[in-house]
Amino acid sequence: MEAHTRQEKENDPNRVYLNDPEPRPVTEDLPLRRSEDLLLNMGPQHPATHGVLRVVLELEGEKIIKATPDLGYLHRGVEKLCEGLTYQQIIPHTDRLDYICSMSNNFAYVRAVEKLLGVSIPERGEYVRTIIAEMQRIVGHLFWLGTQALDIGAMTVFFWTFREREALLDLFEEICGARLTMNYFRIGGVNGDLTPNVIFKLRKFLKEFPSKIEEYDRLLVNNRIWLSRTKDIAVISAEDAVSFGLTGPVLRGSGVNYDIRKAEPYAAYGKVDWDVPLGTNGDTYDRYWVRMQEMKQSARIISQCLEKLPEGPILTDVPQVVAPPKEKVMQDMQSLIHHFIIFTEGFRPPKGEVYCATEAPKGELGFSIISDGSPKPYRLKIRAPSFVHLGAFDHMARGYMIADIVTIFGTYDLVMGECDR
Amino acid sequence: MTQDIAQKIQEKFPADFVGMNEFRNDWTVVVKPDRIVEIALFLRDDSELVFDHLSDVYSVDYPDRSVSGGERFEVVYQLNSIPKRHRLRLKAGLREDACEIDSVYPVWKSAGFLEREVYDLMGIRFRNHPDLRRIFLPEDFDGHPLRKEYPVEGKGWRNTFEFLPTEEPQT
């Protein structure tokens, strides 16, 4: 007979107490406590899912048996949209993929188009691109550190990292006029040169930055809560990490030495001296350590690039592809024609198919472009690191607690704009 | 050097080899779809190739080829070797009336999500995939939006609006 009234429920011998007020003595005739698997929905509106990710968790107590990510809440069909846009019109769309690090997306995209066209970039352009990309990596990693610590429960780190992020965003604003969706890279170079003021401020920032990293470290490295919530959490072995296609700091945290900047040096990465930090255990703590070291290496790369920064143009001189400067358009017939053709019709790359991978802060960001010789790509595929990383989510979450789910989101450095595209 | 890889595949699988080409130093090998898992296993386990990292899986729609009786879809595997530092693009053509191919999930686990995306947006089915469901779009979504015949603005409620012209204005 089922209990209905409150009195009946209280007298029910089979009653299961969530918080047993007085633990009852275990006797032979006490019925067994009920146990069942619980299905818990997490997201899409959850502050720790870094956007709109939904996960369905199958639980046994607090332990995760299976985690099924449900994506697509931010799917905008960027790949389909790109098939109807000319190559230049796509650049602002790439800003909105990984909106934390839009410069890296711009960079990855323009590199793919340049590979398709077979265009090379002037040396100063390459150095400026490297500086900007590494500034963006620092911004991305600072954002990741602040939010991961916030998810785990340390609020101060968030304020401190955003202080430095702010300084870099101010520099971006000075360089290109925008702080988040920057649209700064151009096919054949970049939009604007670094001014002496920017270089001065950047040098000042780099001088102070190593001491700031030590400040963050001081908050976390000996913090017992931080250690117990990151050490041995979400461990992935090197073989599994490679098989799941992980890249970037998540892969290097497992000790696999794969960084596209070293494996296939592009821009100015081959001309400066820097190291690839590698983890050993493949847990959340190692990935944290790798990202902290990467910020230091990024600062190293930027200072060397600033030292070596050569004089010269920042845009390549291919009039069929690069829009001519405004003064020339007003004076020169040929430039006016090029300007008109580029902005009404776009340029026509050769027929062919390229894949170009770039080391974005989150991992390997690849653009596959299939060109049929028309001014619009026939097919454009974005290989987004966040999407591929989420494929390993179930594997990495099994056996851990519900609270660790938040840590795992954080350790991937997920951005749903890039994941859902 | 990557040319040797392409020739190696040709020697190992002469019956399945369709062609190879190079563009901007990217090598592409086109194979028949039937023995894709065996080819994938060979590419992963051969001591000189070691394609241990599947970077990307995507598909391309060529409706024009279908008109002339050819293979409408292409499934593209973008492979990468971390120890050997080389890349290869592996392609398999699929006819519209038989757009099914074996899943390479047993070879590379990253194929799990990547193939689901191809299924969702292009409608290519992967045999033996452990969890072949739509990944971005809702389960009851009609059609596969990356196919060329699908309108960019989408289909749905909007098409029933009476105030929107259904045909292009005549000039």
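Mentor: Let us begin with strands. Two strands pair if DSSP finds at least two bridges between them; strands are DSSP runs of E with at least two residues, helices are runs of H or I with at least four, and both are numbered from the N terminus. The model is predicted, so local features need pLDDT of at least 70 and side-chain atom pairs pLDDT 80 or more, while totals for chains, interfaces and linings use all residues. Residues are numbered from 1 along each chain as its sequence is written, and chains are lettered from A and ligands numbered from 1 in the order in which they are written.

Trainee: What makes β2(A) and β3(A) a pair?

Mentor: Strand β2 (residues 54-60) of chain A is joined to β3(A) by 7 bridges. The definition asks for at least two, therefore these strands pair. They run antiparallel, and Glu60(A) stands opposite Lys63(A) in β3(A).

Trainee: Through what do strands of a sheet pair in general?

Mentor: They pair through backbone hydrogen bonds, and the pairing may be parallel or antiparallel.

Trainee: Which strands of this open sheet in chain A are its edge strands?

Mentor: The sheet has 3 strands in the order β1-β2-β3 of chain A, with antiparallel pairing. Its edge strands are β1 (38-42) and β3 (63-70) of chain A, as each of them pairs on one side only. From one strand to the next, the twist averages 20°. Helix α17 (residues 402-412) of chain A packs on this sheet and touches β1, β2 and β3 of chain A, its direction making about 145° with that of β2(A).

Trainee: Which residues of α3(A) and α4(A) meet?

Mentor: Two residues are in contact if their C-beta atoms, placed from the backbone, lie within 7 Å. Among those that meet are Tyr87(A), Ile90(A) and Ile91(A) in α3(A), and Tyr109(A), Val110(A) and Val113(A) in α4(A). The residues of this contact divide into 6 nonpolar, 4 polar and 1 charged. Here Ala, Val, Leu, Ile, Met, Phe, Trp, Tyr, Cys and Pro count as nonpolar, Asp, Glu, Lys and Arg as charged, and the others, Gly among them, as polar.

Trainee: How do you know the relative direction of α6(A) and α7(A)?

Mentor: The axes of helix α6 (residues 156-176) and helix α7 (residues 196-220) of chain A come within 10 Å and cross at roughly 165°. The two helices are therefore roughly antiparallel to each other. Their crossing is left-handed. The contact includes Trp160(A) and Leu171(A) of α6(A) and Phe205(A) and Phe209(A) of α7(A). Its residues divide into 12 nonpolar, 2 polar and 5 charged.

Trainee: Why does Arg72(B) count as buried?

Mentor: A residue is buried if 20 or more other C-beta atoms lie within 10 Å of its own, exposed if 12 or fewer, and partly exposed in between. Arg72(B) has 21 C-beta neighbours inside 10 Å, so Arg72(B) counts as buried. This residue lies in the loop between α3 (63-67) and β4 (73-81) of chain B. Leaving aside neighbours within four places in sequence, its contacts include Asp61(B), Tyr62(B) and Glu96(B). Cys99(B) is 27 residues from Arg72(B) in sequence and 8.8 Å away in space, C-alpha to C-alpha.

Trainee: How many residues of each chain count as buried, as a percentage?

Mentor: Buried residues make up 48% of the 421 residues of chain A and 36% of the 171 residues in chain B. Chain A has 18 helices and 8 strands; chain B has 4 helices and 7 strands.

Trainee: What does each chain bring to the contact between them?

Mentor: Chain B supplies 26 residues and chain A 34 residues. On the side of chain B that touches chain A, β3(B) gives the most, with 6 residues. The residues of that side divide into 13 nonpolar, 6 polar and 7 charged.

How values were computed
Axes fitted to C-alpha atoms, helices over the stretch in contact; angles between N-to-C directions. Parallel < 35°, antiparallel > 145°, perpendicular 65-115°, else oblique. Left-handed = near helix turned anticlockwise from the far one by under 90°.
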